[in-house]
Amino acid sequence: MSQLLVDDGRFGPRRVLLQLRPVWHIFLPYGLLSILFMLAVQLYGPFLRSMVKCATEMEPTVFTGSAHCGDANLVLSVAQAREGRLVAMKLLVHAFAGPVLALLADSIGRRPVLLLGLAGFTVAFCIFASVAGLPVLHGSQSLMSLSFLVEGCTSAFDVVFLSVLADLAKTTTERVTCFSVLYGMGALGHAIAIYLSAEILRWQLQNYAAVWLAMSIGMACVMLLVLVCVPETLPSAQAKSRPQKLTLPRLMTSTAVQMRYLVSNRFLQIWLTAVLFKSLAAGLGSIYASFTLAAYDWKPGDWQAVTWPFEMISMGSLSFLGPLAGRKRPEVVISFTSVSGILIHLAQIFAPFAPFALVGPHLSAGFLAFARPVSAAYLSSIFPASQQAKVQALAHLVHDFGISFSMATFSGPWLFRPHLQGWDAARPFLLAALLSTIGNSMKLALVQRMLRTQTGSKQQVEMMTMPELPVSPRTPKADSAELTEC
């Protein structure tokens, strides 16, 4: 896998297929998992809206999203706040469970952790189906909280898949290519999921029990596919050596040890701080669908129908621009996308005044997807192989912690109010633009400093290795004459 996309300086599609043949079994389950995962994310809001109850009677010609409440604004407000709290709880739990799962992935193997996550989501989807379909459990807040909690405790999909590819691809160039294909499969899965969610929402379902049941069966099928097709790639697990006994105190102690990176590694300090600010801005996306229903009077499913090309754009960016970006200096690529990220969030400030100000920047962000594998490979290249899963888990921990707080904040009534118009409705977008500017500026300054440091070091090495010029024998008289002429 030394050159996946470049052969004699040119792109070779046939060479790509030949080189990716040994790892197709990794991309296939990830693509199917991406469909189910994103479909669940898209259905959280409509599902929670169907659970809202109030005293206002339903009108026969008006669909509010719930069969038990006739006040559309109340349904939107209550469901959005509830979704923000539940998803924030899920991500917060995952932020702390992620390093523990990463430790397990680096000790007992990649496959057991992956199967644990698939089993957890299968159970969670079954609980959703029970809450929606069984009258005795209908709308149970405790069971819905339990479902999100299970998802947060067992989800480590990206960490495991990235670690598997890091095991197989040793160089930065190989990792960029493999990560590009992985993210491309994820983008394709997300596009299919968003298209499916748009069609489901147009049915204006009053009950989502059958949908969640079908998704739980699909997740179980992915688990079987992993059991059959995905081998173990961790060298120590492949050797079948007897693992050291894992206890809860050891897990907690080993997990806490990873926090030393935050103190000892200055690069990782700044990188994770930038990730935190960017994730605090990312929670804005949790209100997009509800915002379009309230501000533009769109119908359920319209937002998904308009924006599902985002994932196709992302897939194209990863497929065509990703390999090209992998041949450039990663600092240059990350700098470009950091500046673009700031401009995109600044443009969305005008979203309350025109739908294009919301949809246009959102779709434009899809073109920047090519930087994701470059950024992941850049971070991966700085740390040794034995720390790959742990470093990725730390990045996910900070991201999930930030976005969990962000989703709860943006979904709360202090920022999202369906009845607001004009600049009053722009408050969430102003806050997101400020946070994005801080985070992207920090990452831009960091990579530029690293680029200057590497350039200076390279020049110093070249000067040190420069061969000495031969010195011809000269007489003091000749030197004196030369100085006189000068």
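This dialogue discusses how to read several features of a predicted model.

Colleague: What does the pLDDT say about the protein, and over which residues is it below 50?

Modeller: The pLDDT is the predictor's own confidence in each residue. In this predicted model the protein averages 79, and 80% of the residues score at least 70. Over residues 1-11 the value falls below 50, and that stretch has 27 contacts in the model beyond near neighbours in sequence. Residues 461-486 also have a pLDDT below 50, with two contacts of that kind.

Colleague: How many helices and strands are there in the protein, and what share of its residues count as buried?

Modeller: The protein contains 21 helices and two strands. Of its 486 residues, 51% count as buried. The accessible surface comes to about 23000 Å², and carbon and sulfur atoms account for 67% of that area. As for contacts between residues at least 6 apart in sequence, 80% of them join residues at least 24 apart.

Colleague: Which residues touch the most other members of the largest nonpolar core?

Modeller: The general idea is that in soluble globular proteins nonpolar side chains tend to be buried together. Here the largest nonpolar core has 78 residues, and those touching the most other members are Leu43, Phe47, Trp212 and Met215. Helix α2 supplies the largest share of this core, 13 residues. Another core lies apart from it, with 22 residues that include Ala281, Ile287, Phe291 and Phe410.

Colleague: Which residues does Leu43 touch, leaving aside those up to four places away in sequence?

Modeller: Leu43 touches Ile200, Leu201, Tyr208, Val211, Trp212 and Met215.

Colleague: How does the reasoning apply to helix α16?

Modeller: Helix α16 covers residues 330-347, and its 18 residues should span 26 Å; the end C-alpha atoms are 26 Å apart, so the two values agree. Its buried residues are Glu331, Val333, Ile334, Ser335, Thr337, Ser338, Ser340, Gly341, Ile342, Ile344 and His345.

Colleague: Is Ser335 buried or exposed, and what does its side chain reach?

Modeller: The cut-off for buried is under 20% relative accessible area. Ser335, in helix α16, has 8% relative accessibility and therefore counts as buried. Its side chain reaches the backbone oxygen of Glu331 at 2.7 Å. Not counting residues up to four places away in sequence, Ser335 touches Leu444, Val447 and Gln448.

Colleague: Where is Ser50, and is this residue buried or exposed?

Modeller: Ser50 is placed in the loop between α2 (24-49) and α3 (72-107). Its relative accessible area is 1%, so Ser50 is buried. A polar atom of the Ser50 side chain lies 2.5 Å from the backbone oxygen of Phe47. With residues up to four places away in sequence left out, Ser50 touches Gly65, Ser66, His68, Gln206 and Tyr208.

Colleague: Where does Val62 lie, and how is its accessibility classed?

Modeller: Val62 lies in the loop between α2 and α3.

Colleague: What is the phi of Gln204, and what is that of Asp297?

Modeller: Gln204 is not a glycine, yet has a positive phi of about 50°. Gln204 is found in the loop between α7 (172-202) and α8, and its relative accessible area of 37% makes it partly exposed. Asp297, also a residue other than glycine, has a positive phi near 60°. Asp297 is placed in the loop between α13 (288-295) and α14 (302-307). With a relative accessible area of 60%, Asp297 is exposed.

Key. Residues numbered from 1 in each chain as written. Heavy atoms only, no water. pLDDT = per-residue confidence, 0-100. Contact = heavy atoms within 4.5 Å. Helix = DSSP H or I, 4+ residues; strand = E, 2+ residues; numbered from the N terminus. Buried < 20%, exposed > 50% of the residue type's maximum accessible area, 1.4 Å probe, protein only. Areas by Shrake-Rupley, 256 points an atom, 1.4 Å probe, with all protein chains shown as cover. Polar contact = N/O pair within 3.5 Å; in protein donor to acceptor, adjacent residues only side chain to side chain. Core = buried A, V, L, I, M, F, W, Y, C linked by side-chain atoms within 4.5 Å. Expected span 1.5 Å × (residues − 1).
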